[in-house]
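Here is a short report on how one chain is put together.

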Amino acid sequence: MILADNYTAGNMDDKIKDRLMKFLIKDKKGIRKCLLRLFLQTRSYTTSEVYEYLIKQGFDVSYRGIYALVGQMHSRLGILHIYPAREHRIYSLKENCGNIVEMVLSTG
């Protein structure tokens with residue numbers, strides 16, 4: 001019988017930091033950094049709001065692409081809360097991830 005890994009807070013922070021660094025390596029146009037900065041504003045956003053924000057920032061993006069990117073931030077990075085609503089999902093940055101995101105953005 002295999003027991004689940006016993007993660008400490010520091011160990012999880014390092015894992016999140018590593019995933020964020022890998023996520024940002026693929027950020028050729030700055031969309032991912034801009035998106036992370038948006039979520040650092042400690043608000044909740046729908047995919048539509050994120051899409052509109054990025055369009056206003058001058059990025060040439062598709063709604064489906066942003067939907068996938070936000071979904072990736074939730075599922076693969078594990079840094080977003082998701083709140084199902086009637087018509088749209090609402091995303092916000094997890095409280096324990098704000099400092100990690102700030103640190104990664106400041107170093108990269």
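Buried means under 20% relative accessible area, exposed over 50%, and partly exposed in between, with a 1.4 Å probe and protein chains only. Cys97 counts as buried at 1% relative accessibility. Cys34 is buried too, with a relative accessible area of 10%. Of the 108 residues of the protein chain, 32% count as buried.

This is a predicted model: local features need pLDDT of at least 70, side-chain atom pairs count only at pLDDT 80 or more, and totals for chains, interfaces and linings use all residues. Residues are numbered from 1 along each chain as its sequence is written, and side-chain values use heavy atoms, leaving out hydrogens and water.

**Fold.** The protein chain has five helices and three strands. Helices (H or I, at least four residues) and strands (E, at least two) are DSSP runs, numbered from the N terminus. Their order from the N terminus is α-α-β-α-α-β-β-α. Contact means heavy atoms within 4.5 Å. Among contacts between residues at least 6 apart in sequence, 50% join residues at least 24 apart.

**Disulfides.** A disulfide is a pair of cysteine sulfur atoms within 2.5 Å. By this rule the count is zero.

**Core.** A nonpolar core is a set of buried Ala, Val, Leu, Ile, Met, Phe, Trp, Tyr and Cys residues joined through side-chain atoms within 4.5 Å. The largest one holds 29 residues, of which Leu20, Leu36, Phe39, Val50, Met73 and Ile79 touch the most other members. Two or more residues each come from H1 (9-25), H2 (31-39), H3 (47-56), H4 (63-77), E3 (89-93) and H5 (98-107). H2 gives the largest share, six residues. Beyond its neighbours within four places in sequence, Leu20 is in contact with Leu36, Leu77, Ile79, Ile100, Val101 and Val104.

**Helix packing.** Axes are lines fitted to C-alpha atoms, for helices over the stretch in contact, and angles run from 0 to 180 degrees between N-to-C directions.

| Pair | Angle | Axes |
|---|---|---|
| H3 and H4 | about 115° | 9 Å apart |
| H2 and H4 | roughly 65° | within 12 Å |

On the H3 side, Thr47, Ser48, Val50, Tyr51 and Leu54 make the contact with Tyr63, Ile66, Tyr67 and Val70 of H4. In H2, Ile31, Arg32, Leu35, Leu36 and Phe39 meet Leu69, Val70, Gln72 and Met73 in H4.
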